[in-house]
Amino acid sequence: MDHFSRSWTALLAAVADLPDEDFARPSGCAGWLVRDLVCHLVIDAQDVLITLVTPADGEPTVDAATYWKLVDPPTGDDPLDALIPRLAAAYEEPRLLTFHLDDVGSAAGRAARLADPAARVGTQDEVLTVGDYLAAYVIEWTLHHLDLIAHLPEGPEPPAESLAAARALLERIAGSPFPASFSDRDALLVGTGRRAPTGAEQAELGDLAARVPFVLG
């Protein structure tokens, strides 16, 4: 839960510090501007709030790793993906979007800190502990933090602890470690297809090269 709070707090702070002109720049999510990504984060925060107040009975069906499903790379045809840019544009001014994210995002952060990690919640027809649910979101926040600053050279990096925790979770999802020579940042970017591996990295990946990228959905 500490990793959730640390990664989410860092991401919210990075968004809050963006100058208005950066909202029109591309993000690391193909086809999305920074403003579109921030709008997606509002929806993510709402999802966290909804899930944390959706108690579930029965044994957990997934954990932090198996919560994520491997999907095909986005094509832009998904109705929700197409909705996000239109919704983001409706805010018109970046300050309205950042206000909404700070409002809902702060509430999601408080709810996470107050939640019982052993409690069980339901989402997407699955049951998991609150601790596993919040742990699963560390990779979401960390990857989107990298997406946020992908074309912003001065943007603040995610915390080192968040990068390490997200890498560890990606390796659990992949069922294999990434080469030790890969930094946590590079393991996440290459492993999720956010950038192509260099020739040297391709060789170091070995058998894993045929399995990347791992696109999470």
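Biologist: What makes Ser27 touch Trp32, Leu33, Val34, Leu37, Asp147, Ala150 and His151?

Modeller: Contact means heavy atoms within 4.5 Å, and Ser27 has such contacts with Trp32, Leu33, Val34, Leu37, Asp147, Ala150 and His151, leaving out residues up to four places away in sequence. Keep in mind that this is a predicted model, where local features need pLDDT of at least 70, side-chain atom pairs count only at pLDDT 80 or more, and totals for chains, interfaces and linings use all residues. Residues are numbered from 1 along each chain as its sequence is written, and side-chain values use heavy atoms, with hydrogens and water left out.

Biologist: Why is Ser27 called buried?

Modeller: Buried means under 20% relative accessible area, with a 1.4 Å probe and protein chains only. Ser27 comes out at 6%, so it is buried. Ser27 sits in the loop between α1 (2-16) and α2 (34-52); helices here are DSSP runs of H or I with at least four residues, numbered from the N terminus.

Biologist: What is the largest nonpolar core, and which residues have the most contacts inside it?

Modeller: A nonpolar core is a set of buried Ala, Val, Leu, Ile, Met, Phe, Trp, Tyr and Cys residues joined through side-chain atoms within 4.5 Å. The largest has 66 residues, and Phe4, Trp8, Tyr133 and Leu148 have the most contacts inside it. Its largest share, eleven residues, comes from α5. Tyr133 itself is in contact with residues including Asp47, Tyr67 and Leu128.

Biologist: How do you know which residues line the second largest pocket?

Modeller: On a 1 Å grid over the protein atoms alone, a pocket is an open set of points where a 1.4 Å probe fits, with protein on both sides within 12 Å along at least five of seven lines; lining residues have an atom within 4 Å of a point. Among those that pass are Met1, Phe4, Gly131 and Arg172. α1, α5 and α6 each supply at least two residues of this lining.

Methods
Buried means under 20% relative accessible area, exposed over 50%, partly exposed in between (1.4 Å probe, protein chains only).
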